Amino acid sequence: MGQVAWKALFLSLFDYKTEKYVIAKNKKVGVLYRVVQLSILAYLVGWVFVVKKGYQDTDTSLQSSVITKLKGVAFTNTSELGERIWDVADYVIPPQGESVFFVMTNLIVTPNQRQAMCPESANIPDALCAKDTDCLEGEAVVAGNGVKTGRCLKDKGSTRGTCEILAWCPVEKRSKPKMNVLATDNESYLKTCRYSQEHPYCPIFVLGNIVRWAGGNFQEMASEGGVIGIQIEWNCDLDKAPSECNPHYSFSRLDNKSAETSISSGYNFRFAKYYRDAEGVDYRTLIKAYGIRFDVMVNGKAGKFNIIPTIINISSGLALMGAGAFFCDLVLLYLIKKSNFYRGKKYEEVKSSSRKSLSSPTLNGNQSPEQLGEL
Amino acid sequence: MGQVAWKALFLSLFDYKTEKYVIAKNKKVGVLYRVVQLSILAYLVGWVFVVKKGYQDTDTSLQSSVITKLKGVAFTNTSELGERIWDVADYVIPPQGESVFFVMTNLIVTPNQRQAMCPESANIPDALCAKDTDCLEGEAVVAGNGVKTGRCLKDKGSTRGTCEILAWCPVEKRSKPKMNVLATDNESYLKTCRYSQEHPYCPIFVLGNIVRWAGGNFQEMASEGGVIGIQIEWNCDLDKAPSECNPHYSFSRLDNKSAETSISSGYNFRFAKYYRDAEGVDYRTLIKAYGIRFDVMVNGKAGKFNIIPTIINISSGLALMGAGAFFCDLVLLYLIKKSNFYRGKKYEEVKSSSRKSLSSPTLNGNQSPEQLGEL
Amino acid sequence: MGQVAWKALFLSLFDYKTEKYVIAKNKKVGVLYRVVQLSILAYLVGWVFVVKKGYQDTDTSLQSSVITKLKGVAFTNTSELGERIWDVADYVIPPQGESVFFVMTNLIVTPNQRQAMCPESANIPDALCAKDTDCLEGEAVVAGNGVKTGRCLKDKGSTRGTCEILAWCPVEKRSKPKMNVLATDNESYLKTCRYSQEHPYCPIFVLGNIVRWAGGNFQEMASEGGVIGIQIEWNCDLDKAPSECNPHYSFSRLDNKSAETSISSGYNFRFAKYYRDAEGVDYRTLIKAYGIRFDVMVNGKAGKFNIIPTIINISSGLALMGAGAFFCDLVLLYLIKKSNFYRGKKYEEVKSSSRKSLSSPTLNGNQSPEQLGEL
């Protein structure tokens, strides 16, 4: 007998159980449900799958290597340096062509600096003095160029002066020259493509155009310096051919050009060239370089068909259908005229202690006594 | 009476409502449904959870810092430079060991350049001239080294020559030497591990091996230059011990070695060393450096158990079960012999205006009149 | 007649079908189901939506550009270099202010090196020799400074010496000086904000504070060198105003400070300054620079409301509700006293061959014969 029971249990595993449905011949709710279903289907197919490519797994971590190279010479004629030619080895820093590179467009040269004692620049507040005791020996000048020696240097007849410092002397002057840059971009003979609206995949750029596209003014940026971001965006659909995976370039100015007094306005840095004279004493030429720094930033994402996001998105659609059915149920059971009747049909009340016939469902407990009376 | 109604409503909230099921004692559909259920379970457990670790939240944004250091000396003997020793300070650019570094393996030296007037290189098309008017004064030579002075310099008896330019003179020659590099990697005495198949986590690499693994030929790359990517891939399961989170190295050549005429073939850049003579005049040695640039690119993702993706994946499985049931319903209700009968059982038609007994469900409206007649 | 059938079929499309429910007036299971529902709702609203912002699509790929600038001078007084002032152009490498920068805090200077023959450093094992044949001509010294000439140089009366090498001579000594650094950060007059707990968005940092926050000792790091990571974390909620998207800074030491013998302890590199004497012979000053390298690493993610993850998360909640109902069904049908009765109500067994009345559901097949007898 036990064996028979187990066999029945096992066989019952292969009985198919399916939900019992009530057909409410109410066209209003029926049409509403079909509209809800179609909306969800349209959202799922149109938005999730076609527009947002919900069947793809997207990877945004990208490995990139950027190689840059600059071409061109510039000619300047300043009172300080005289006539001078600037080629790539002179104006590109660092020279090796990484993703971040700097094109020097203006400079303050302080030639032949030697380690010695000299007056600090009068532009630095901490170095101003009236007497020697204002210049505490061994103290560094705040935001200055050296360490105070303890003496206050004054012009004859003047009551105020600047502290003497131990530093690379003479110290840098603060006046900024305007470099007279001669543009040299004549495009004949060179390899002919140039990046533009018409040639969106050409990797050769004219510097002035980049500045213009980034919303900058070349003359002003060349004088004050600036930072320009070159964004390269790859948005690849790996379900298509690799040749359709193309970069999109955009340019933006990264430094805050409007803020005159901001610490982040413009772009400059100092570097020095070191020399040694016949006596073996080091001296250097200090260069405060103004120019345009370019940051090449590569970003991208690649999508490829993947079963897991596909099924998750389909499942979310199915669950939405369930929510839609729940919403239509609410309408059917509470909002239409004959909702009491449908409520009684949908819900079959059972009570184990009741002596009611198994086959006669009654209206559910949500009914108020009035409704029960109506029955 | 109103109070009683509210109490009934409140109590009915705690009535448990459960879907009414119809048991179809049809083994075919029952087995089909169990097979569908098992397939979904296998997909969910096997693929989503075990293989794809769907219970983890994955983070692909990674912070990395790369420190590189090179060791070794090279000896060269060229007609231009004579016998020369190259150590790390000579051949590594930049010296500070960042993620992108360059090892100089060949070079064109143009010593003792001074700012002066001299003929442009004859290899540059824009500088070729027949008469002085071909060399417009003040115009820069396209892709050249300087600004034209207005004179056309010709060899005696020759009808064609090159423009005279204001530039760093003499200009660079275009011939490329073959540097005679002596490899110095004798591995005794040094710290002993080297990266290889057997030591996949050793962070010390032999340069020649990297080039070989990247599919390059060291002699050819040393002469023409090239770019090699060193990908370091971390794929960490943070649910395991941190010591099981190990890097995987791979190497690939990034420049386009086959394209002889491509602008991106090989790798080189120019830099200069600046000197000053006893009279205070600047001169420089221009170096066109060929070599191998290494780009260390770090990439990674880390997964960790997270309840949200876990539940989303389980839910998608549950929703799939629902879709499976829907599919089996279709089979039961439309494809098997007795589908009419089951359709009548599953769907209970109700019409509020009908005088039918509440307890006698009828077949649903999908039936054609013939089917109704069959009843 | 066919037309009538098609019309009926079409109309039946707009019949609303809704699951038939059985109301089990069992308060225990009813309360259990409400508790399960409330738990899922709390998880969904509280954890998924409020805490984890599950309604947002998160993008972790971020484009960043880092600009750094250092200020300050240092004074040193060593036996080798005498009194010396170090300014930004001297101690910051590279000078251009990228995301990775190095502040030199200690150095070994080897001035006036020329390409010549000289003894290799006695610290290098491969260069030790007893006789000339130990120094194979043309062989490079492993981890050394040059190429052996074939001669073994010994002090008078000594039996052991070092190989003579062709190298930049004299070779670097291995002793490391302690540089006497004078801190210069007096904060008056300078722009006043400094990064601290109280000013978490001020982008001006005091070097010593960074080292302290990273858990390092400035004196020790200045002597041995080290690498410090400056992590900038942006965690932006783009559903709020952009001004609420602020960076969070953190600092950590990246080199392995404890491992004395490790290859990655400390941080140093060599570079050289090249000079040319009156006869045109190159010589250089080799500098082994110890110092603190700072790696600025920017990381971030930005979340924005997106309908797709919102619906996926809601759907997962709905599917969970279904799972909760399944669980409560199990309780109702198998664990409570009257489960047999409810099982009979929930499952309506139908057999196409049976002559049972359509309207009388029977108990399902899971029942054992005893249970059937009980009926």
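The expected span of a helix is 1.5 Å times one less than its number of residues. The views below are taken from a predicted model.

**View 1. Helix H6 of chain A and the cap at its N-terminal end.** Helix H6(A) covers residues 307–335, and because its 29 residues should span 42 Å at 1.5 Å a residue, the 41 Å separating its end C-alpha atoms agrees with that expectation. The N-terminal end of H6(A) is capped by Asn306(A), of which a side-chain oxygen lies 3.0 Å from the backbone nitrogen of Ile308(A).

**View 2. Packing of helices H2 and H6 within chain C.** The axes of H2(C), residues 27–51, and H6(C), residues 307–335, come within 10 Å of one another and cross at roughly 160 degrees, which makes the two helices roughly antiparallel, since angles over 145 degrees are counted so. Their crossing is right-handed. Residues of H2(C) that meet H6(C) include Val29(C), Tyr33(C), Ile40(C) and Phe49(C), while those contributed by H6(C) include Thr310(C), Gly317(C), Met321(C) and Leu332(C). By class, this contact of H2(C) with H6(C) holds 18 nonpolar and five polar residues, with no charged residues.

**View 3. Helix H6 of chain B against helix H6 of chain C.** The axes of H6(B), residues 307–335, and H6(C) lie 8 Å apart, and the helices pack at an angle of about 65 degrees in a left-handed crossing. From H6(B) the contact is made by Ile308(B), Ile311(B), Ile312(B), Ser315(B) and Leu318(B), and from H6(C) by Ile312(C), Asn313(C), Ser316(C), Ala319(C), Leu320(C) and Ala323(C). Eight of the residues in this contact of H6(B) with H6(C) are nonpolar and three are polar, and none is charged.

How values were computed:
Residues numbered from 1 in each chain as written. Chains lettered and ligands numbered in written order. Predicted model: local features only at pLDDT ≥ 70, side-chain atom pairs only at ≥ 80, totals over all residues. Heavy atoms only, no water. Helix = DSSP H or I, 4+ residues; strand = E, 2+ residues; numbered from the N terminus. Polar contact = N/O pair within 3.5 Å; in protein donor to acceptor, adjacent residues only side chain to side chain. Axes fitted to C-alpha atoms, helices over the stretch in contact; angles between N-to-C directions. Parallel < 35°, antiparallel > 145°, perpendicular 65-115°, else oblique. Left-handed = near helix turned anticlockwise from the far one by under 90°. Contact = heavy atoms within 4.5 Å. Nonpolar A, V, L, I, M, F, W, Y, C, P; charged D, E, K, R; others polar.
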